[in-house]
Amino acid sequence: MIIVVIEDEEDIRNLVLFNLRAEGFEVFGAAGAGEGLALCTMHRPDVVIVDRMLHGADGLDVVEQMRSDREIADAAIIVLSARGSVDDKLTGFDSGADDYMVKPFSVAELVVRVKKLAAIASMRRASLLESRA
C-alpha cells in the first residue's frame with residue numbers, strides 16, 4: 001500500500017512518515033501542494049494525507065484537483081487541519097475528503113484510519129478494474 005503525505009510542517013510530516021513506515025506502508029512525503037500532486041501522479045497512492053492549511057495553498061484545493069484527475073481520483077483522502085469546527089469539517093467532506101482529523105491528533109488513530117481507508121481504496125480500485133474489463 002502506498003501513502004502520500006502532504007504536510008508543510010516538517011516535524012508533523014516526519015512523525016507521520018515514520019509511523020506509517022513502521023506499519024509497513026510505502027510512504028512519500030511532500031512539503032507543498034505541487035510536489036504532493038506530482039507524487040500522487042507518479043505513485044498512484046492508496047491513501048493521501050493532506051494538510052488543510054499548506055503554505056501558499058489550501059489543502060482542499062489539492063483534494064478537489066485529485067478528485068478531478070481520473071488517474072488519482074480513486075485514492076482515499078484524509079485531511080489534517082487545525083480548523084476543527086463542524087463547518088470546516090463539512091467543507092472538507094464537500095471538497096471530496098474521505099476523512100477529516102483535527103490537530104493535534106493521535107498518531108495511533110491516524111494509522112488505524114489509514115489502514116481502514118487503504119482497504120476501502122483497494123476494494124474501490126478492484127471494482128473499477130472489473131467494470132473496465
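Analyst: Welcome! A residue is called buried when its relative accessible area is under 20%, exposed when it is over 50%, and partly exposed in between (1.4 Å probe, protein chains only). This is a predicted model, in which local features need pLDDT of at least 70 and side-chain atom pairs count only at pLDDT 80 or more, while totals for chains, interfaces and linings use all residues. Residues are numbered from 1 along each chain as its sequence is written, and side-chain values use heavy atoms, with hydrogens and water left out.

User: What is the relative accessible area of R83?
Analyst: R83 has a salt-bridge partner, D88, with N and O 3.2 Å apart; a salt bridge here is a side-chain nitrogen of Lys or Arg within 4 Å of a carboxyl oxygen of Asp or Glu. D88 is buried, with a relative accessible area of 13%. R83 counts as partly exposed because its relative accessible area is 35%.

User: How many salt bridges does a search of the whole structure find?
Analyst: Side chains of opposite charge can pair when their charged atoms come close. One example here joins R52 and D58, whose closest N and O atoms are 3.3 Å apart. R52 is buried at 5% relative accessibility, whereas D58 is partly exposed at 28%. Across the whole structure, the number of salt bridges found is ten.

User: How many residues apart in sequence are the parts that E9 and K103 tie together?
Analyst: The side chains of E9 and K103 form a salt bridge, at 3.7 Å from N to O. E9 sits in the loop between strand 1 (2-6) and helix 1 (10-22), and K103 in the loop between strand 7 and helix 5, so the bridge links parts whose separation in sequence is 94 residues. Helices (H or I, at least four residues) and strands (E, at least two) are DSSP runs, numbered from the N terminus.

User: Where is E7 found?
Analyst: E7 is buried, because its relative accessible area is 1%. Not counting residues up to four places away in sequence, E7 touches I12, R13, A30, A31, D51, L54, L80 and K103, where contact means heavy atoms within 4.5 Å. The place of E7 is the loop between strand 1 and helix 1.

User: Is F105 buried or exposed?
Analyst: F105 is in the loop between strand 7 (99-102) and helix 5 (107-132). Beyond four places in sequence, F105 touches I12, V16, L80 and L110. With a relative accessible area of 18%, F105 is therefore buried.

User: What angle do the ring planes of F93 and Y100 make?
Analyst: The structure holds one aromatic pair. Rings of Phe, Tyr and Trp (its six-membered ring) pair if their centres lie within 6.5 Å, and planes under 30 degrees apart count as stacked, over 60 as edge-to-face and the rest as tilted. F93 is partly exposed at 37%, while Y100 is buried at 6%. Their ring centres are 6.5 Å apart, and the pair is tilted because the planes stand at 50 degrees.

User: How far apart are the axes of helix 2 and helix 3?
Analyst: Two packed helices are described by the angle between their axes and the distance between the axes. Axes are lines fitted to C-alpha atoms, for helices over the stretch in contact, and angles run from 0 to 180 degrees between N-to-C directions. The contact is made by A33, L37 and C40 of helix 2 and V62, Q65 and M66 of helix 3. Helix 2 (residues 33-43) and helix 3 (residues 59-68) pack at about 25 degrees, and their axes are apart by 11 Å.

User: How far apart in space are A57 and G32, C-alpha to C-alpha?
Analyst: A57 lies in strand 5 (residues 57-58) and is partly exposed, with a relative accessible area of 27%. Leaving aside neighbours within four places in sequence, A57 is in contact with A33 and R52. A57 and G32 are 25 residues apart in sequence, and their C-alpha distance in space is 7.9 Å.
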